[in-house]
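Here's a quick walk through this model, one topic at a time. Keep the viewer open as you read.

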Amino acid sequence: MQPSILFPSSSRLTPSQSLPQDISFFGRLKVEFFCGRDWQGVAMDEFMGKLDGCMVWYRDRRRKSDLGHVNPMQYRKNLGLAA
C-alpha cells in the first residue's frame with residue numbers, strides 16, 4: 001500500500017483578504033454568545049436556533065460605526081438597495 005501524500009488546502013496557501021473581518025466576527029461571537037453562558041443541557045436544535053438568531057442579528061440589526069451608526073439593513077434601505 002502506498003502512503004498517501006497530504007497537501008495543504010489552497011485556502012491555507014495564501015492569507016485570506018477577509019481575515020481581519022473573520023477574526024472580528026468570530027471573536028465577537030465568542031465573547032457575546034458563548035462566554036458566560038452554561039450550554040450544558042441545551043439541546044442541539046435549541047443551540048442552533050439561538051446561534052442562528054445571533055448571526056442574523058449580527059448581519060442585519062447590529063449598529064455599525066462604519067455605516068454611520070445605523071444597522072446594515074437600514075443602511076441598505078437608505079441607499080435604495082433593500083425594500
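## Ground rules and confidence

Helices (H or I, at least four residues) and strands (E, at least two) are DSSP runs, numbered from the N terminus. This is a predicted model, where local features need pLDDT of at least 70 and side-chain atom pairs count only at pLDDT 80 or more, while totals for chains, interfaces and linings use all residues. Residues are numbered from 1 along each chain as its sequence is written, and side-chain values use heavy atoms, with hydrogens and water left out.

As for pLDDT (the predictor's confidence in each residue, from 0 to 100), the protein chain averages 79, with 73% of its residues at 70 or more. Confidence is lowest in helix H1 (residues 10-13), with a mean of 52, and highest in helix H3 (residues 44-61), at 90.

## Around helix H4

At the start of H4, a side-chain oxygen of Asn 71 comes to within 3.2 Å of the backbone nitrogen of Met 73. Just after H4, Gly 80 has a positive phi of about 80 degrees. Leu 81 sits in the segment after helix H4 (72-79).

## Aromatic rings

Rings of Phe, Tyr and Trp (its six-membered ring) pair if their centres lie within 6.5 Å; planes under 30 degrees apart are stacked, over 60 edge-to-face, and the rest tilted. That rule gives six aromatic pairs. One of them is Phe 34 with Trp 39, edge-to-face at 6.4 Å centre to centre and 65 degrees between the planes. Phe 34 also makes a tilted pair with Phe 47, at 6.0 Å and 35 degrees. This pair links distant parts of the chain, with Phe 34 in helix H2 (residues 19-34) and Phe 47 in helix H3, 13 residues apart. Ring pairs join Phe 33, Phe 34, Trp 39 and Phe 47 into a cluster.

## Salt bridges

A salt bridge needs a side-chain nitrogen of Lys or Arg within 4 Å of a carboxyl oxygen of Asp or Glu; the whole structure has three. Arg 28 bridges to Glu 32, with the closest N and O atoms 3.5 Å apart. Both lie in helix H2, four residues apart, about one turn of the helix.

Asp 60 pairs with Arg 59 (2.8 Å, N to O) and with Arg 76 (3.9 Å, N to O). Asp 60 lies in helix H3 and Arg 76 in helix H4, so their bridge ties together parts that are 16 residues apart in sequence. Through shared partners, salt bridges join Arg 59, Asp 60 and Arg 76 into one network.

Note on methods. A polar contact is a pair of N or O atoms within 3.5 Å; within protein, one must be able to donate a hydrogen and the other to accept it, and residues adjacent in sequence count only if both atoms are side-chain atoms.
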